[in-house]
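Hi there,

Here is the structure I promised to pass on to you.

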Amino acid sequence: MQLECPQQLENFIGGTFMAPINGNYIQNTNPATAGFLCEIPDSDAADVALAVSAAQKAFPDWSQTSAEEKFRLLNRIADLIEENLEALALAECNDSGKPLWLCREVDIPRASSNFRFFATGIMHFASESHSIEGKATNITLRQPVGIAGCISPWNLPLYLFTWKIAPALAAGNCVVAKPSEVTPSTAYLLAKIALAAGLPEGVLNIVHGTGPCCGEAIVTHPLIKAISFTGSTRAGERIASLAAPKFKKLSLELGGKNPTIIFADCDWEKMLPTVVRSSFSNQGQICLCGSRILIEASIYEKFITDFIAAVKQLQIGDPLVNTSNQGALSSKVHFDKVMGCISAAIAEGGKILCGGNSVHPEGRCKDGYFIEPTVIENLGPNCSTNREEIFGPVVTLQPFDSADEALKLANDAAYGLAASIWTQNIGTANKMATKIESGIVWINCWMLRDLRTPFGGVKNSGVGREGGWDALRFFTETKNVCTQFE
Ligand code: NAD
């Protein structure tokens, strides 16, 4: 198959590509060039209702489809993602501004891994049975919830879209999914792939549009029983307020303000390049990026010297060029927000150690939304820079004198998604790991992912866990069936 993104995307409902019922479109821009990329449907409740009807029609057969057949179909989707790696990577790069090599090496391969992982997972997903000795047997059935709504953000577009869709489908649900309006292209191409793979019509429906209009129509539709959302804490709050009174199942993966804790006894050679990555990968637009770097006071000055030297090596430029380490930010709106955060940091007393400016690469990217990797010191834990999620190439440095002080600083945040700890004292690291308020702790590494592990945050970083059995459990309802022997 030949995958190509047209200039006008369509919704994918009941196995058919179609225009939005209201005929309205939103302009989508390539953030690396600030030029027009495509138009996407500005769908509303009418399109969502159509998608739900298609899903409802498909559900009786899909929910009864054997694990073997789902395994085959989901693996076929994974195969087609791999076969179309180049087209998908280019679409992701043009939509998001992230380097093409990153799309090729990380985003798109991970999307196919998501399908393979849950294709296999469903073959091993077992029910439980509890015997009341001599009297009865209880069987816990795990049944699909019905129609699941999956809503994803722009930072890891296909990667996170498929992280929700694959387990929802594997568990026997039909899906109504909405990608971010900022990065819709690979979701559109995924619909082409699902069709080519032979996924029955109506099992996966993809509607495009904005959060308030299309997203909220998904969240509030009475026949959508579970909402899996990844995005900002602000939108998560709104979604929870809409869905909770309707008693829907909710999985909310939200923002972060992750600490990176560096002790004097760490493995310097391993720590330094990893902390550059954990700070600035994907222009700092990964929910797991460490944006508050806490450094033991005795190595604070040495860390500044070596870290700044390494950060200055990062090449910012055209995402299509292989040597660009850093691409563009995802949109003009986000670029303005991050530049505003840098100004606010200066206004509240922050000292810029490097970066702080927008960048205008020569050539086709001169009008794109690029920002230098920015390192700021001199701000305490109460400053807004250390409290609000920036979600861009901006980190702060704070010194600490003891493990207790580091822990206090780490936990002094409204968020609790991930943390990383750098020390060769494994006792200190593990003790700290038990006390850090976050869903994920990395010791002497960052973003080392195993898809079987629970993924998610605490506090304002959300509720629920994705990954492994957690995802399959979320997309199923348990039912206890008790049989008395006589
Ligand atoms: P966002 O909340 O603006 O949008 C995310 C998605 O939700 C988009 O598809 C959007 O259209 C939709 N949406 C927005 N408002 C909605 C509403 N009221 N009802 C229904 N849908 C709505 O987030 P974003 O700017 O696209 O993404 C960046 C955010 O995502 C950051 O805060 C980041 O930390 C977070 N994030 C979290 C994780 C995680 O796993 N915890 C992973 C990636 C990104």
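What radius of gyration would a compact globule with 486 residues have, and what does the protein have? The rule (2.2 Å times the number of residues to the power 0.38, with the radius taken over C-alpha atoms) puts such a globule near 23 Å, and the protein agrees because its own value is 23 Å.

Before you go further, please note that this is a predicted model, in which local features need pLDDT of at least 70 and side-chain atom pairs count only at pLDDT 80 or more, while totals for chains, interfaces and linings use all residues. Residues are numbered from 1 along each chain as its sequence is written, and side-chain values use heavy atoms, with hydrogens and water left out.

Now to the overall picture. The C-alpha trace spans about 70 × 65 × 40 Å along its principal axes. Of the 486 residues, 57% count as buried (under 20% relative accessible area, with a 1.4 Å probe and protein chains only).

The domain assignment, which is automatic or from a database, gives domain 1 (11-255) and domain 2 (259-449). Their C-alpha centres lie 30 Å apart. Where the two meet, 28 residues of domain 1 are in contact with 30 residues of domain 2 (heavy atoms within 4.5 Å).

Enjoy exploring!

Best wishes

Notes. Buried means under 20% relative accessible area, exposed over 50%, partly exposed in between (1.4 Å probe, protein chains only).
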